Amino acid sequence: MSEESSSESELEPTCSKFDPLKVLYSKEVKVPVEDAPVYENIHQYEAAMKNPDIVPIGHGKLVKKREEEKKKKKLEEQQLLEEKNKQRFAQYKDVMPVKKERRYVNVLSRLETAQGPLSALKDCVDQRLRVKVVTRNANTIRGALFATLVAFDKQWNLALSDVLEVWKRKGPRKRKVPPGLGTAVAKGTAAAISPVPLVTETPVGGGVWECTRHVPQLMVRGEHVVLINIVER
């Protein structure tokens, strides 16, 4: 009987004969408070007694809830501080320097602010209108380009598409294919990469030939432009 009482006293936490090692291996231990909070060590328990913000083990939801409350409170404090600063410096708003937004200027951005004759070219670009561009060579008028205007700049450099080029030239006494018109390229060579446009020649009398050719895309320098007419509206 005395042995049973001694063993029970060793399992009782409030008894002076309490044996923690025996409690760990015993199956007869009764926990006094089943929902008691669990801490990692004695130091954490003592700190929890002084500071209620310390959360026991197994209360993850409570920790998460407290973190959300802290973030919400911090956000409210920041908003309140920004509002106070805004009201505080409202009287100096007109005298404070304004930082200008840097804008990158290129050909496309200049098209938006084009004025004068360039504004008419901008309408041609926006509405995809066909134009007639009269070009010149070193001495006189060379011919005309009938095309759709894609882009331009203040130097009148033009980017054209679907171009029909018409010009006149004097025919030689002995008919030869001038180097400027291009020669036929054998099939299966560079013609597949960059084919030479086909030039059609028509005699107009007086030893003059009218030449026409179609070019998918063409870049014209502004120094060769004499006149631009809008063919269709």
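**Close-up views**

View 1. Lysine 122 forms a salt bridge with aspartate 126, with 2.9 Å between their closest N and O atoms. The term salt bridge is used here for a side-chain nitrogen of Lys or Arg within 4 Å of a carboxyl oxygen of Asp or Glu. Both lysine 122 and aspartate 126 belong to helix 6, where they are 4 residues apart, about one turn of the helix. Helices (H or I, at least four residues) and strands (E, at least two) are DSSP runs, numbered from the N terminus. Lysine 122 counts as partly exposed because its relative accessibility is 22%; the scale calls a residue buried under 20% relative accessible area, exposed over 50% and partly exposed in between (1.4 Å probe, protein chains only).

A note for all the views: this is a predicted model, in which local features need pLDDT of at least 70 and side-chain atom pairs count only at pLDDT 80 or more, while totals for chains, interfaces and linings use all residues. Residues are numbered from 1 along each chain as its sequence is written, and side-chain values use heavy atoms, leaving out hydrogens and water.

**View 2. Glutamate 165 and its two arginine partners.** Arg142, Glu165 and Arg213 are linked in a network of salt bridges. Side chains of opposite charge can pair when their charged atoms come close. The side chains of arginine 142 and glutamate 165 meet at 2.4 Å, N to O. This pair links distant parts of the chain, with arginine 142 in strand 2 and glutamate 165 in strand 3, 23 residues apart. Is glutamate 165 buried or partly exposed? Glutamate 165 counts as buried because its relative accessibility is 6%. Arginine 142, at 32%, is partly exposed, and arginine 213, at 23%, is partly exposed as well. Across the whole structure, the search finds 5 salt bridges.

View 3. An open sheet of 6 strands runs in the order 4-5-3-2-1-6, with antiparallel pairing. Its edges are strand 4 and strand 6 (225-230), each of which pairs on one side only. On average, neighbouring strands are turned by 25° against each other, direction ignored. Helix 6 (residues 117-127) packs on this sheet and touches strand 1 (130-136), strand 2 and strand 6, its direction making about 70° with that of strand 2. Two strands pair if DSSP finds at least two bridges between them, and a contact means heavy atoms within 4.5 Å. Axes are lines fitted to C-alpha atoms, for helices over the stretch in contact, and angles run from 0 to 180 degrees between N-to-C directions.

**View 4. The hairpin of strand 4 and strand 5.** Strand 4 (residues 199-205) and strand 5 (residues 208-220) pair in the antiparallel sense over 6 bridges. Across this pairing, glutamate 201 stands opposite cysteine 211 in strand 5. The hairpin has 2 residues between the strands, and glycine 206 takes a positive phi near 70° there.

View 5. Most residues other than glycine have a negative phi, and most peptide bonds are trans. Tryptophan 156 has a positive phi of about 65°. Where does tryptophan 156 lie? Tryptophan 156 lies in the loop between strand 2 (141-152) and strand 3 (158-170), and its relative accessibility of 30% makes it partly exposed. Aspartate 162 has a positive phi of about 50°, but its place is in strand 3. At 40% relative accessibility, aspartate 162 is partly exposed.

View 6. Cysteine 124 is buried, with a relative accessible area of 1%. Cysteine 211 is also buried, at 0%. How many disulfides are counted? With a disulfide taken as a pair of cysteine sulfur atoms within 2.5 Å, the count comes to 0.

**View 7. The protein as a whole.** The protein has 6 helices and 6 strands, which follow the pattern α-α-α-α-α-α-β-β-β-β-β-β along the sequence. Of its 233 residues, 20% are buried. Among contacts with a separation of 6 or more, 47% come from residues 24 or more positions apart.
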